Amino acid sequence: MLRGAYAAASGMVHHDQWQAAKANNLANASTPGFKREVVCGLSFSQALAGARGEVIGRAGTGLATAESYIDLSPGPIVETGLELDFAIEGPGFFSVETTAGVRYTRAGNFKMDAEGYLLTAGGRRVLGYDGPVRLPQGTVRIEALEDGSIKFIEADGDETTTGRFLIQSPAGPGALVKVGEGLFEATGPDAMVEAGAECRVIQYSLEQSNVNVVTEMVEMLAGYRVFEAAQRAILAQDACLEKAVNEVGRVM
């Protein structure tokens with residue numbers, strides 16, 4: 001009986017993690033460039049593979065969280081009309097300077113500081129190939145070309161193309177982990193590679209979150225029902241155990 005209680009409890013633990021991920025996704029549904037987190041449980045085939053060598057039909061230990069990963073699929077790109085808003089079409093990420101090293105983001109809602117440096121919403125400097133992106137004095141307009149090159153329109157009407165966004169793409173699955181403030185950290189020195197022609201920069205636009213609110217809500221409710229069912233299973237196991245302890249002895 002205790003095995004059944006442990007199995008139900010493991011399901012509750014897994015769905016608690018599931019609910020936390022869903023809640024965080026919903027809380028960031030309107031955050032530019034946000035990527036949803038997905039929590040996966042062990043499948044039946046995986047559970048069987050893990051129980052190799054055990055007697056067929058033996059009760060398992062319940063549900064376990066196999067992995068959680070970041071869904072890097074693109075969100076919709078929405079036109080904002082703001083000069084310092086940029087979106088990337090394709091798998092690339094903007095590179096950002098931090099005290100802990102280079103980090104990456106898809107959130108292109110940038111701003112400019114008093115020194116002319118381009119900053120993320122969290123105040124981190126945006127990197128180009130020659131260091132942090134900085135607007136020359138007297139610049140009245142900035143334009144980004146599709147390849148990430150930055151063109152400055154100066155007060156006297158002269159156009160100067162100086163700088164280019166340092167855009168990197170993940171080399172494969174699991175290349176990035178979240179570190180907060182809409183930033184990602186590479187999991188290794190070769191996890192990120194230079195973006196190719198499949199990436200292009202779109203100015204006056206922002207990429208929105210890839211969270212589908214309706215889907216997340218439906219899955220959250222489904223997970224809640226499973227959590228409740230596991231609770232009821234534990235109560236049933238407890239009732240059976242109580243009956244066994246208090247009544248079996250009297251029968252004997």
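I shall take the aromatic pairs, then the salt bridges, and then the pocket. Please bear in mind that this is a predicted model.

Let me begin with the aromatic rings. The count comes to six aromatic pairs. One of them joins F94 and F110, whose ring centres lie 5.1 Å apart with the planes at 75°; because over 60 degrees counts as edge-to-face, this pair falls in that class. The two residues stand 16 apart in the chain, F94 in strand β5 and F110 in the loop between β6 and β7. F94 has a relative accessibility of 0% and is therefore buried, and F110 is buried as well, at 6%.

F94 has a further partner in F165, again edge-to-face, at 5.3 Å centre to centre and 70° between the planes. Since F165 lies in the loop between β13 and β14, this contact ties strand β5 to a part of the chain 71 residues away in sequence. F165, like F94, is buried. Together with F86, the residues F94, F110 and F165 make up one aromatic cluster.

Two arginines also sit over rings. The charged end of R106 is 5.7 Å from the ring centre of F93, while R125 lies over the face of Y117 at 3.7 Å.

I turn now to the charged pairs. The structure holds ten salt bridges, among them one between K22 and E216, with 3.4 Å from N to O. K22 belongs to helix α1 and E216 to helix α3, so this bridge connects parts 194 residues apart in sequence. Both K22 and E216 are buried.

A second bridge pairs E207 with K35, the closest N and O atoms being 2.6 Å apart. It ties strand β19, which holds E207, to the loop between α1 and β1, which holds K35, across 172 residues of sequence. E207 has a relative accessible area of 1% and is buried; K35 is buried too, also at 1%.

How does the bridge between E181 and R124 look? Its N to O distance is 3.3 Å. Here E181 is exposed, at 54%, and R124 is partly exposed, at 25%.

Finally, the second largest pocket holds about 330 Å³ of space. Its lining comprises 20 residues, and those closest to the centre are I70, L72, G174, A175 and L176. Strands β2 and β15 each give two or more residues to this lining. By class, the lining has eleven nonpolar, five polar and four charged residues.

How values were computed. Residues numbered from 1 in each chain as written. Predicted model: local features only at pLDDT ≥ 70, side-chain atom pairs only at ≥ 80, totals over all residues. Heavy atoms only, no water. Phe/Tyr/Trp six-rings, centres within 6.5 Å; stacked < 30°, edge-to-face > 60°. Helix = DSSP H or I, 4+ residues; strand = E, 2+ residues; numbered from the N terminus. Buried < 20%, exposed > 50% of the residue type's maximum accessible area, 1.4 Å probe, protein only. Lys NZ or Arg CZ within 6 Å of the ring centre and 35° of its normal. 1 Å grid on protein atoms, 1.4 Å probe; cavity = no way out; pocket = protein on both sides within 12 Å on 5 of 7 lines; lining within 4 Å. Points joined across faces, edges and corners; volume = space filled by probe spheres on them. Nonpolar A, V, L, I, M, F, W, Y, C, P; charged D, E, K, R; others polar. Salt bridge = Lys/Arg side-chain N within 4 Å of Asp/Glu carboxyl O.
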